[in-house]
Amino acid sequence: MISYFVSFLIMGSIYAMAALALNLQWGFTGLMNFGIGAFYMLGAYTSAILTCPATTEHLGGFGLPLVVGFAGAALVPGVVAFLIGFPALRLRGGTFAIALLAIHETLLLTVRNESWLTNGVWGIRGIPRPFFEVINPRHYGYFYLIIAGGLLILAYLAITKSVGSPWGRILRGISEDEDLTSMSGKNCWSYKMQSFVFGSMVMGIAGATYVHYTGFVSPQVFNPLMSTFYVWLIVMVGGTGNNKGVIVGAFLVWAIWVGSDFLTDFVPAAVATRIGFIRMLFVGIILTVTILTRPQGILSRKRLIADWYR
Amino acid sequence: MLRVENLSKRFGGVQAIQDCTLQVKEGTITGLIGPNGAGKTTLFNVITGFNKPNAGRVFFKEEEITGLQAFQIFRRGLFRTFQITREYKEMTVLENLLLIPRDQIGERLWSAWIRNRSMRTQEKKNIEKAMEILRFLEMASKKDMPAKYLPGGEKKLLELGRMMMVDLDMVLLDEPGSGVPPFLQNKVMGYIRKLSHERGLTLFVVEHDMNVIMNLCTPIIVMTDGTKLTEGTPKEIRSDQRVIQAYLGEPDTQEFEK
């Protein structure tokens with residue numbers, strides 16, 4: 001039971017990281033990123049390929065240390081976001097969202113079909129887990145929770161400190177009125193790019209944290225539902241524009257998601273086999289209830305972000 | 001200071017600006033009047049980089065600024081306010097002003113991490129300056145209020161406050177007086193005049209209130225149908241028959257008889 005709770009916290013931390021990154025892009029800058037899964041996937045695969053031992057199934061055999069894997073998992077999504085940003089950031093609002101949705105599908109199809117690189121739909125197995133040989137497998141969850149939790153805290157501090165500075169004030173300015181911000185002498189395109197790349201790097205690190213926990217990665221994990229819209233749900237429920245809110249939201253939504261597993265013991269067998277669909281129903285209910293009763297999310301946007309100068 | 005040469009701007013089938021040539025001299029408060037749809041706001045939009053002109057060129061301080069982006073034009077010292085007030089609705093009044101200053105250390109992503117101290121010192125200075133402006137506009141008590149809750153007149157004042165935050169060479173004011181309560185209007189106009197006299201700021205003002213524009217501006221440029229009709233002192237403009245016709249239309253009695 002406790003190990004179940006630990007794994008719950010680890011997965012919650014990973015999703016919280018991705019949600020913080022989306023909050024930077026959407027909550028603070030107004031970038032409607034519908035391609036979170038793409039950057040999450042790039043981080044996951046980059047780290048997996050860099051750290052895996054030699055194999056004939058896919059590109060690999062670098063066997064590099066995990067630190068390099070994580071660095072790559074930040075760097076590759078960052079570079080890809082930079083390249084995508086050139087055309088995509090010229091679009092505003094919904095069109096930007098659709099462009100990223102398309103980019104996600106394109107990258108997902110590439111990963112599925114380029115088996116020399118990723119072993120296609122069979123996925124990558126045997127991804128090294130940090131210090132797995134040294135630590136008693138029964139306590140391994142605790143150790144990994146420290147890594148995942150530590151990265152979450154780092155991501156939280158990095159993003160919160162940045163959006164609390166004049167830099168973040170410009171981002172909020174762009175999300176409210178891009179023309180006015182431009183007339184105030186701020187190069188909006190450059191700031192949107194910075195926010196987009198920064199957020200995508202954090203998403204990549206979340207992806208790497210995921211693969212080194214499960215030790216296995218396949219394209220199924222990165223379908224748009226679980227990797228993109230699930231993160232959007234977290235941000236909307238937790239509180240758009242509030243970093244503490246999205247962390248609370250990540251654990252709450254994940255609790256409801258996995259909590260439906262326990263229901264199987266209490267419901268009739270006919271329902272129990274369809275629990276997957278009931279889970280979807282729950283997600284729909286959470287979203288509807290949130291929008292109806294608390295559209296700003298559990299914790300609302302902080303008004304005075306620049307309170308650190310006092 | 002500002003020179004517009006043979007500027008044209010078309011929106012679909014509408015010729016908003018047609019071969020317009022005009023000049024604003026350094027240190028003046030130049031007025032711009034004209035009937036609705038004469039192209040005054042479009043002219044401002046083209047000058048400040050919001051719309052690209054179809055033809056013609058814009059010069060600011062003898063340098064061409066045609067086609068530059070809005071943020072680049074601001075950096076050269078040209079700012080504008082908007083006819084329909086624009087403010088950051090969710091931000092506080094104070095934050096609305098703090099966003100404006102140029103070259104803030106904290107505008108770079110890494111400053112919050114590696115140059116924290118100098119960033120805070122600069123931010124404190126900017127806050128003091130913003131508070132000074134808010135006190136002048138009699139809005140100091142509203143500094144922490146989200147700007148969307150301000151009444152219309154004070155939103156207009158906030159736009160003026162924004163332009164006081166930085167040292168500029170020229171400001172385009174799009175109806176600075178509309179919606180400002182009368183007891184503040186004199187004060188605002190006085191301040192505009194003071195900016196012009198003391199700091200040598202050049203102002204280009206669109207205004208519909210004839211009392212304001214006749215008292216404030218010399219010279220006055222009159223626009224109709226997207227081009228300059230005439231230019232002169234308030235006295236000349238008031239007695240110019242063409243200006244009166246532009247506002248009231250041609251004396252065409254047949255129209256009424258039909």
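Mentor: Start with one exposed residue. B:Asp103 has 9 other C-beta atoms within 10 Å, so it counts as exposed. The cut-offs are these: a residue is buried if 20 or more other C-beta atoms lie within 10 Å of its own, exposed if 12 or fewer, and partly exposed in between, with C-beta atoms placed from the backbone. B:Asp103 sits in the loop between helix H3 (93-98) and helix H4 (111-114) of chain B. Its phi is positive, about 50°, although B:Asp103 is not a glycine.

Trainee: Where do the numbers and letters come from?

Mentor: Residues are numbered from 1 along each chain as its sequence is written, and chains are lettered from A and ligands numbered from 1 in the order in which they are written. This is a predicted model, in which local features need pLDDT of at least 70, side-chain atom pairs count only at pLDDT 80 or more, and totals for chains, interfaces and linings use all residues. Helices (H or I, at least four residues) and strands (E, at least two) are DSSP runs, numbered from the N terminus.

Trainee: What is the mean pLDDT of chain A?

Mentor: pLDDT is the predictor's confidence in each residue, from 0 to 100. Where it is low, the predicted coordinates should not be read in detail. For chain A the mean is 89, and 97% of the residues reach 70 or more. Confidence in chain A is highest in helix H9 (residues 188-214), at 96, and lowest in helix H12 (residues 269-272), at a mean of 78. Over residues 305-310 of chain A the pLDDT is below 50.

Trainee: Which residues of H4(A) are buried, and which are exposed?

Mentor: First, the general idea. An α-helix has 3.6 residues a turn, so residues three or four places apart point the same way. Now the case here. In H4(A), A:Phe96, A:Leu100, A:His104, A:Leu107, A:Leu108 and A:Val111 are buried. Seen down the helix axis, the buried residues of H4(A) fall within an arc of 110° (taken from the directions from the axis to the C-beta atoms), so they line one face. On the other side, A:Gly94, A:Thr95, A:Thr106, A:Leu109 and A:Asn113 are exposed.

Trainee: How many residues does H4(A) have, and what should they span?

Mentor: The expected span is 1.5 Å times one less than the number of residues. H4(A) has 21 residues (93-113) and should span 30 Å; its end C-alpha atoms are 31 Å apart, which agrees.

Trainee: What do the buried residues of H6(A) pack against?

Mentor: They pack against helix H1 (2-28), helix H7 (166-176), H9 and helix H11 (243-263) of chain A, together with H4 of chain B. Contact has a cut-off too: two residues are in contact if their C-beta atoms, placed from the backbone, lie within 7 Å.

Trainee: How many residues of chain B are in contact with chain A?

Mentor: 34 residues of chain B are in contact with 24 residues of chain A. H5(B) gives the most to the side of chain B that touches chain A, with 5 residues.

Trainee: What is the strand order of the open sheet in chain B?

Mentor: Strands of a sheet pair through backbone hydrogen bonds, either parallel or antiparallel. Here, two strands pair if DSSP finds at least two bridges between them. The open sheet of 6 strands in chain B has the order S6-S7-S8-S3-S9-S10, with mixed pairing. Strand S6 (78-80) and strand S10 (227-232) stand at the edges, each with a single partner strand, so one side of each is left without a neighbour in the sheet.

Trainee: Which way do S7(B) and S8(B) run, and how many bridges join them?

Mentor: Strand S7 (residues 170-174) and strand S8 (residues 202-206) of chain B run parallel, joined by 5 bridges. B:Met170 has B:Thr202 as its bridge partner in S8(B). S6(B) and S7(B) also run parallel, with 3 bridges. There, B:Arg80 stands opposite B:Leu172 of S7(B).

Trainee: Is S7(B) enclosed or open, and why?

Mentor: 5 of the 5 residues of S7(B) are buried, so the strand is largely enclosed by the rest of the structure. B:Met170, B:Leu172 and B:Asp174 point one way, and B:Val171 and B:Leu173 the other way.
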